[in-house]
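Here is a short briefing for a reader meeting this structure for the first time.

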Amino acid sequence: MAIEATPWRRVTTTQEGTPPFSVFTKLIQKSAQDDREYRIIKLENGLKAVLIHDGKADQAAASLDVAVGHLSDPDDMPGLAHFCEHLLFMGTEQFPKENEYQEYLSKNNGGSNAYTAASNTNYYFSVATSALPGALARFSGFFHSPLFAPSCTSRELNAVDSEHKKNHQQDLWRIFQLTKHLSKPGHVWSKFGSGNRESLSQAAKNLKAEGKLSMENGHITSASTLGVNPSATSSRIASPAPSVSSTNSEAEADGGAVGRETRRRLVEWWNKEYCASRMHLAVLGKESLDELAELASKYFSPIPNRQADPLPMIYDHPFGPAQKGTMLSVQTIMTFHVLDIYIPIEYQAVYWRHKPGQFLAHLIGHEGPGSLYSYLKGRGWVAALNSGPSPLGRGFDTFRITIELTEDGFKKYRSVILATFKYFSLLRSSEFKSYLQRESAILSDIRFRFLEKRKPDQYVSSIAERMTNPYPLELLLAASSVTWEWGADYPGAVSAGKEKVNEMLEQFQLKNGMIVLMAKGKELEEVLGLGKQDAWEKEPWYGTAYRLERLDEDILRQTSSPNDLPELFLPGPNEFIPTNLNVDKRDHVEPVKRPHLIRETPLSALWHKKDDRFWVPKAHVMIDIRSPVSNSSARSAALTRLFTDLVTDSLEEFSYDAALAGLSYSCTSHTKGMYVTLRGYNDKMSVLVQHVLDKVKSLEVRPDRLRVIIEQNKHNWENFFLGQSYQLSEYYGRHLMTQEQWTVDELLKELPTISTDEIVEHAKKMMSDAKLRILVSGNVYKDEAVKIAEMAEAGLSASVASHADLNDRALVLPQGCNLIKTGTIPNPNQANSSLTYYVRIGSVSDSRRRVVGALLTQILTEPAFNVLRTREQLGYVVFCGYWSLAGATERGIRIVVQSEKTPGYLESRVEAFLEEMKASIEAMSPEMFEEHKSSLDKKWREEEKNLAEEASTFVSHIHSGHLDFYRNITDANTLKDITKDEVYSLFMSHVHPSSETRSKLSVQMRAQKVRPTRISATASQAYEALESISDETPTIEDFQKYWSEVLANEVQGKELIESIVKIAEKHPVNGEGQDPPRSGATYIGDMKEFRASLPPSEDLGAMVQWGDLPVSKF
């Protein structure tokens, strides 16, 4: 037997300091559309890397994926992998400064992120192409010489804790953890992956309670002993206006004895689990493949190979006998009715060639005639249905069907379950015709063939993670997205054709699965017939109330019977599969940078651009139907919203095949009308355009579907107030500065009395009083674009309203104002308050100020995150950005913070930060100032990566009416001679709190949930006990408990313990309690009155006159 030669070739470089590596010699299969070059290498330490040369790139990127996630957490330290992800970024031996990495990326038009999943942890960044080597030097150190700086331990514990509290009231997180919690005993899937301060500290606290921790103010084990070098310099810098975080000692910053033990365990875990052979790297840059290989080898070869299992697998499924054949009832925070069905299935990654789980998902989730969804929708029981294999951990998967129920469907949930399993019975008894699977293969091949580029950091992150899948390396790019036809084998690949599908279907029995029914508590009790005597259990980390019960024999028997519903049948052939995929590609064409106005009538303006950059057989059509009727009152706005939702609802069966074939549409309302947007392969585009427009113009409103759509919107609008706190402060901030916007409360009041006749009449009024703004771009010629415009115009009448009347307008804050709007977070269990802090820069018509403001934002953004989140630990959500208000006419800078601290305290910290930035900008060196300019220049000159991004850019300028398609380039040119003095002057006049001319508005949303009273650092100094307790600001209960034990035999012990409360009141923790009124501020009362007092922003109209018309007919 012939032995295949090894596919690896060893390379020894002449570059000094670059270790040898091996190159994968097989050709990597890529999309025909892909002009990038690829190479896979393996370093001597076992790390594999995908190198991507993109000669057209204007941003470089890299990602490193570690094949270990939260399932590898120690049993007694849930969340340790996530904590490692946080603390890993806090400096390295080579670059000890805490925010060196983020600062470097920020100055080079870059950014970074990371996530911890069940079986992997992924780190990634993007950066200017010229800065890639420096970014890799900083990035690689996290994996061979991180500091895990002791001074950051307590703060990053707080960051993990804050992230958990951000998610605590989110049903998605609550239900996810509940299903994990109910795994069979001892299974790793049950772990609490995100962690919090309690879960990460409890093991150390237990040791302390047993007297096994040293109470010395020092490290139990030296950093060098653990293989992690300590920082030569402190990474902490004192804040100019001290906060509770910055006044604590270094000993407190490391978390005391408990914090040091927690860090010791982290470093111990990192030394065990973070192994080079478990790491997969992807690097994209303009450098040649040889240069990228040398960079990868130079910077990532120092990562040690600890001989750990390269790819830890878990084939045991968390569903055992106690989980199968059960129904889990879950009380939700938000109002919705959802039924999930979980069925354990084999690990699907090994079946990458034929993807049997995806084939079943295609059939079960179908929305066309004969589908399960069509049957359930016809009875008014469902609003949405999704299905598919869900990868849990590496080695075990679950097939999940998620059904969003209507109120009627919720009451008939057993009938929904029965119908679902009847459909499974249909599948089991069916002989799948060849076209069903062949179409999936054909469409996947077309998608891969015309795969467009996307953001570099997203791309490398996906590739690095994909490398842990069992694909042949030469198919790394294709295997995850391409489906091969049944019978098409590949050497070494596992066959998973029709037989495997049938084998899986045999497991789709209710006795093998779990039903999860989700709704508000009272609704569940009513539909399940529960009384006060029926107890609910609670999940330990989120407190989610639930009941787990075995399903009765009756429903188990019914769901295993053959299908007897004639309405259920398999889908027919898909008529929307594109056949004409021709693209008239021309070489050496200088791309046009904007669309052209090729047709204008009293009713519409048509903008068109034939694709000359991406050369794919795709098109984007945007029809913006504007009418003064659409938003004239809260009722009109509600009617417009319901109308667009009803159009979408009515087209679901027809459009589903089109969506499968890569041709999709959306119909959505906005403040001036509605968008009809279509995108995908241009071959059958005109068919879909005509059908959608016909429905828009002649919709028949069914009373039963109107009831469902009203119910959905009611739930969505009510649930809005139960979302993240910062989203509320953002919403009210924008509302206060928007001329025409109705509140969610106003919209909700209109819903109960809206009728079908009123919807129809409202739609007629809109269509008879309209103006259209149309964009057609992509593989479409002018004559085809004109036909689309004519279709859109047919049956509509032009509005007499001017273009200015149909543009959005912002409201302008008065000069020299300091305005505050306060509010209360509606969810009583939400722990986080929030602040949105906004200062006006001015109208975008002042092009130079617009550019200076953008540069100032660039300078403020990274320090805002570093100071307010990383250093002061105010909360997990912190960001600073340039805010464009309604109509894109006004710009300002806004800082957002979500925190357990009070919003008034958050405002004081934001203003302390701005005071710090005054000195920072003053002292900024010319070199650093030029770095910031260069970063912003690169950002503005970035090219769109695909047709969708280009169309989105065009739409934004058409939507605003400004038509300033070259704005980024003109702003980049203006930026060249902007001086530091201009930036400083704008900062002092428009941003700094001392300014008498700045226009400032803040929205302070305060949480109702009262935090337990805690002991401040100042108060604790009276007892000299903070080091022993370990928490920087322990609760009074913990503090009293500690001193009760210490003073148990002391005569005056009782008096001292009682004095704790008084001292706590005298020296409160900063940011807790009541916010005092801020001097010099004006508090906004009635929002309607306030908005009525503000002038609207100027209507800028078309800021550039292009003179495109007249134009040739073609």
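The protein chain holds 38 helices and 27 strands. Both are DSSP runs numbered from the N terminus: H or I over at least four residues for helices, E over at least two for strands. The model is predicted, so local features need pLDDT of at least 70 and side-chain atom pairs count only at pLDDT 80 or more, while totals for chains, interfaces and linings use all residues. Residues are numbered from 1 along each chain as its sequence is written, and side-chain values use heavy atoms, with hydrogens and water left out.

**Overall build**

- Along its principal axes, the C-alpha trace spans about 90 × 80 × 80 Å.

**Domains in the record**

- UniProt, in an unreviewed entry, places "domain: Peptidase M16 N-terminal" at residues 49-185.
- Residues 49-185 are 39% helix and 18% strand, and their end C-alpha atoms lie 38 Å apart.
- The unreviewed UniProt entry also places "domain: Peptidase M16 C-terminal" at residues 262-432.
- Residues 262-432 are 36% helix and 25% strand, with end C-alpha atoms 56 Å apart.
- UniProt positions follow the numbering used here, feature names are shortened, and annotations may be inferred rather than shown by experiment.

**Helices α28 and α29**

- Helix α28 covers residues 847-871 and helix α29 covers residues 903-923; their axes come within 10 Å and cross at roughly 130°.
- Axes are lines fitted to C-alpha atoms, for helices over the stretch in contact, and angles run from 0 to 180 degrees between N-to-C directions.
- That makes α28 oblique to α29.
- Angles under 35 degrees count as roughly parallel, over 145 as roughly antiparallel, 65 to 115 as roughly perpendicular and the rest as oblique.
- The contact of α28 with α29 has 11 nonpolar, no polar and three charged residues.
- Ala, Val, Leu, Ile, Met, Phe, Trp, Tyr, Cys and Pro count as nonpolar, Asp, Glu, Lys and Arg as charged, and the others, Gly among them, as polar.

**Helices α11 and α15**

- Helix α11 (residues 356-364) packs against helix α15 (residues 434-449) at about 110°, with axes 11 Å apart.
- That makes α11 roughly perpendicular to α15.
- Phe 359, His 362 and Leu 363 of α11 meet Leu 436, Gln 437 and Ser 440 of α15.
- The contact of α11 with α15 has three nonpolar, three polar and no charged residues.

How values were computed. Contact = heavy atoms within 4.5 Å.
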